Every structure is written in structure tokens, then in C-alpha cells.
Amino acid sequence: MSRTPTTFPLPNLRHGAVAAALLVSVAWAEPAVPTIAHCAECVAALKARGEPLAQRVKRGDATAEAPLLPIVKASFAFIGTVYKQGVRSPQAEELLRNAEKAQVDLPPDELLKLQDACQLEGEQLLKDANYFERTFVNQMVRSRMDRLRRKR
């Protein structure tokens, strides 16, 4: 029994190389970085969501810590993103105040949708972050939770 070699036609390398390069660049593309304004909007929305839970923690209600933790983590993921973009305290505080003012008149169902979307996006930002960024966020979250517990 003789074997006949199997051959596969090679694609035109010019077009194949370009297509392969495009596929690789898309597959390895960095996730989109949210804008500074969007980050401020999400921090404000998550702050509004977490504030009632934070008040309970301050009063000594340990059961409020577990639901507050993911909100605080998502919020700090946005804060870290803005920090990496060069925004520092005075500007960040102004952006947050403006975002909070803009959300005052949002209908409750729209605010809830925004909070849900921002929390999911913040969780994804944290998943996409490198080791050092996650460590920074986790340290900030621990510090925030410790400050809340001390207010008891």
C-alpha cells in the first residue's frame, strides 16, 4: 500500500499574514479603558448604593460588611483607573461632586440600572487588572473597611 502525500494549499501570504496579524492584535488587545467622566459617574453611583450599608457598618452591623465589600471593590477599581490616568485628589473630588449632582434627578430605576452596570464593569476592571493593580485596590478596600469599622 503506497501512501500519497497530502498537501494543503497555502494561502496567499500577503493576505494571510495581514489577516493573522489582525486576529492576533484583536485577541491580545487591551480592554477599553473607561473615560474619566464615566469613572466618576460609576464611583458616584456605587457610592450611593454603598452608603446605606456603610452607615450600618459604622453602627456596628457586621452583617452589612459582606454586601458592601463588592461595591467598595468595584468603586476602587474605577478610582484606580482614574488614578492611572493622572487624576489626583482635588480634580477627582470635583468630578465626583459633579457626577453626584447629575445623578440626583435620576429616576430610581435608572439609578439602579446604572449601579448594576457600574458594579459589573468595576468587577471586570478588577479582573483585567494586573497583580500590582489588584493588590493596590485590595489594600484600599481593606483600609476603607477598617475606617468604617473604627467609626463604631
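**The core and the helices**

Mentor: L68 and F78 touch the most other members of the largest nonpolar core, which has 27 residues. A nonpolar core here is a set of buried Ala, Val, Leu, Ile, Met, Phe, Trp, Tyr and Cys residues joined through side-chain atoms within 4.5 Å. Buried means under 20% relative accessible area, exposed over 50%, and partly exposed in between, with a 1.4 Å probe and protein chains only.

Trainee: Which helices each supply at least two residues of this core?
Mentor: α2, α3, α5 and α6 do. Helices (H or I, at least four residues) and strands (E, at least two) are DSSP runs, numbered from the N terminus.

Trainee: Before I go on, what are the ground rules?
Mentor: This is a predicted model, where local features need pLDDT of at least 70, side-chain atom pairs count only at pLDDT 80 or more, and totals for chains, interfaces and linings use all residues. Residues are numbered from 1 along each chain as its sequence is written, and side-chain values use heavy atoms, with hydrogens and water left out.

Trainee: How many helices and strands does the protein have?
Mentor: Six helices, zero strands. Buried residues make up 28% of the 152 residues.

Trainee: Back to L68. What does L68 touch?
Mentor: G50, L53, A54, V57, M145 and L148, leaving out residues up to four places away in sequence. Contact means heavy atoms within 4.5 Å.

Trainee: And what share of the contacts with a separation of 6 or more comes from residues 24 or more positions apart?
Mentor: They account for 83%.

Trainee: Switching to α5. What span should α5 have, and what does the model give?
Mentor: Helix α5 covers residues 108–128, so its 21 residues should span 30 Å at 1.5 Å a residue. The end C-alpha atoms are 30 Å apart, which agrees. The expected span is 1.5 Å times one less than the number of residues.

Trainee: Which residues of α5 are buried?
Mentor: L111, L114, Q115, C118, Q119, G122, L125 and L126. They cover an arc of only 135° around the axis, so they sit on the same side of α5. The arc is that of the directions from the helix axis to the C-beta atoms.

Trainee: What is exposed on the other side of α5?
Mentor: K113, L120 and K127.

Trainee: What do the buried residues of α5 pack against?
Mentor: α2 (36–58), α3, α4 (89–103) and α6.

Trainee: Take A74 in helix α3. Buried or exposed?
Mentor: A74 is buried, with a relative accessible area of 1%. A74 touches L46, Q119, G122 and E123, again leaving out residues up to four places away in sequence. A74 and E121 are 47 residues apart in sequence, yet 7.6 Å apart C-alpha to C-alpha.

Trainee: New topic: how many aromatic pairs are there?
Mentor: Two. Y83 and F136 are stacked, 6.2 Å centre to centre with 25° between the planes. This pair links Y83 in helix α3 (residues 65–84) to F136 in helix α6 (residues 131–150), 53 residues apart. The other, Y131 and F132, is edge-to-face at 5.3 Å and 80°. Rings of Phe, Tyr and Trp (its six-membered ring) pair if their centres lie within 6.5 Å; planes under 30 degrees apart count as stacked, over 60 as edge-to-face and the rest as tilted.

Trainee: What lies over the face of Y83?
Mentor: R88, at 3.6 Å from the ring centre. A charge sits over a ring if NZ of Lys or CZ of Arg is within 6 Å of the ring centre and within 35 degrees of the ring normal.
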